[in-house]
Amino acid sequence: MSSRTVTRIAAALSVAAAGLAGATAHPAAALAKASVPRSPIVLGVIQYDSPGKDDRSQRSLNAEWVTVTNTGRGAVNLKAWTLTDRSRHTYTFRDLRLAAHQSVRVHTGIGRDSARDVYQGRRDYVWNNAGDTATLRDNHSHVVAAKSWGRR
């Protein structure tokens, strides 16, 4: 083998090694850029076991609720966001602007929506006492928050 050939092979190996090093660095950087930023919207307290007798009265149904909180410094519109349980019962938020550091309770039963309380309009319980998962998705169906309790 001539020295010219050895030089060419060494140069090719050097370029290949540099390419491999760059290839391993780029995907990590790409993944960091592609990750979805953490949302300021979180699930807070969940009252999944309505106090007292489960008699399906509006009082009992509305004592079952999920708190959604904006921990950020700016307002967030929850329009078209969804809250679901494991059985796929789904509540879709209407045009609700959640101010910075504000919470809203999502009640199971029927009532008049306000800035602090919204109602799913259901006549039966949603959240299973023995175990369930509340999942909050944004208007692009990305999971923003999930909270589980009990058996899976």
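1. Let's begin with a residue pair: Ala 134 sits opposite Lys 147, the latter in strand 10. Another pair from these strands is Thr 133, whose bridge partner in strand 10 is Ser 148. Altogether, seven bridges hold strand 9 and strand 10 together in the antiparallel sense. Keep in mind throughout that this is a predicted model.

2. The turn of that hairpin deserves a look. Five residues lie between strand 9 and strand 10, and Ser 141 takes a positive phi there, near 65°. As background, most residues other than glycine have a negative phi.

3. Now the pairings around strand 7. With strand 2, the sense is antiparallel and there are five bridges; Val 66 stands opposite Val 106 of strand 7 in this pairing. With strand 8, strand 7 runs parallel, joined by three bridges. Here Arg 105 stands opposite Asp 117 of strand 8. In general terms, the strands of a sheet pair through backbone hydrogen bonds, in either sense.

4. Val 118 is the residue I'd click on in strand 8, which spans residues 117–119. Is Val 118 buried or exposed? Its relative accessibility is 4%, and because the cut-off for buried is under 20%, Val 118 counts as buried. Beyond its neighbours within four places in sequence, Val 118 is in contact with Tyr 91, Phe 93, Leu 96, Val 104, Arg 105, Val 106, His 107 and Asp 113. For Phe 93, 25 residues away along the chain, the C-alpha separation from Val 118 is 8.5 Å.

5. On to the core. The largest nonpolar core contains 22 residues, and those with the most contacts inside it are Ile 41, Leu 43, Val 68, Leu 78, Leu 83, Phe 93 and Leu 136. Two or more residues come from each of strand 1 (41–47), strand 2 (65–70), strand 7 (103–107), strand 9 (131–137) and strand 10 (143–150). Strand 1 gives the largest share, three residues.

6. Gln 102 is a polar residue to check. Its place is in the loop between strand 6 (97–98) and strand 7, and with a relative accessible area of 10% Gln 102 is buried. What does its side chain face? A polar atom of the Gln 102 side chain lies 3.2 Å from the backbone oxygen of Ala 115. Not counting residues up to four places away in sequence, Gln 102 touches Val 68, Thr 69, Asn 70, Arg 97, Ala 115 and Arg 116.

7. Two arginines also have a positive phi. Arg 56, with phi near 65°, is in the loop between strand 1 and helix 2 (58–62). Arg 88, at about 70°, is in the loop between strand 4 (82–84) and strand 5. Are these side chains buried or exposed? Arg 56 counts as exposed at 51% relative accessibility, and Arg 88 counts as exposed at 71%.

8. Last, the overall numbers. The chain has two helices and ten strands, following the pattern α-β-α-β-β-β-β-β-β-β-β-β along the sequence. Of its 152 residues, 32% count as buried. The chain exposes about 9,800 Å², with carbon and sulfur atoms supplying 53% of that area. Among contacts with a separation of 6 or more, 52% are between residues 24 or more positions apart.

Key. Residues are numbered from 1 along each chain as its sequence is written. This is a predicted model: local features need pLDDT of at least 70, side-chain atom pairs count only at pLDDT 80 or more; totals for chains, interfaces and linings use all residues. Side-chain values use heavy atoms; hydrogens and water are left out. A nonpolar core is a set of buried Ala, Val, Leu, Ile, Met, Phe, Trp, Tyr and Cys residues joined through side-chain atoms within 4.5 Å. Buried means under 20% relative accessible area, exposed over 50%, partly exposed in between (1.4 Å probe, protein chains only). Helices (H or I, at least four residues) and strands (E, at least two) are DSSP runs, numbered from the N terminus. Contact means heavy atoms within 4.5 Å. Two strands pair if DSSP finds at least two bridges between them. Accessible areas come from the Shrake-Rupley method with a 1.4 Å probe; for residues, only the protein chains shown count as cover. A polar contact is a pair of N or O atoms within 3.5 Å; within protein, one must be able to donate a hydrogen and the other to accept it, and residues adjacent in sequence count only if both atoms are side-chain atoms.
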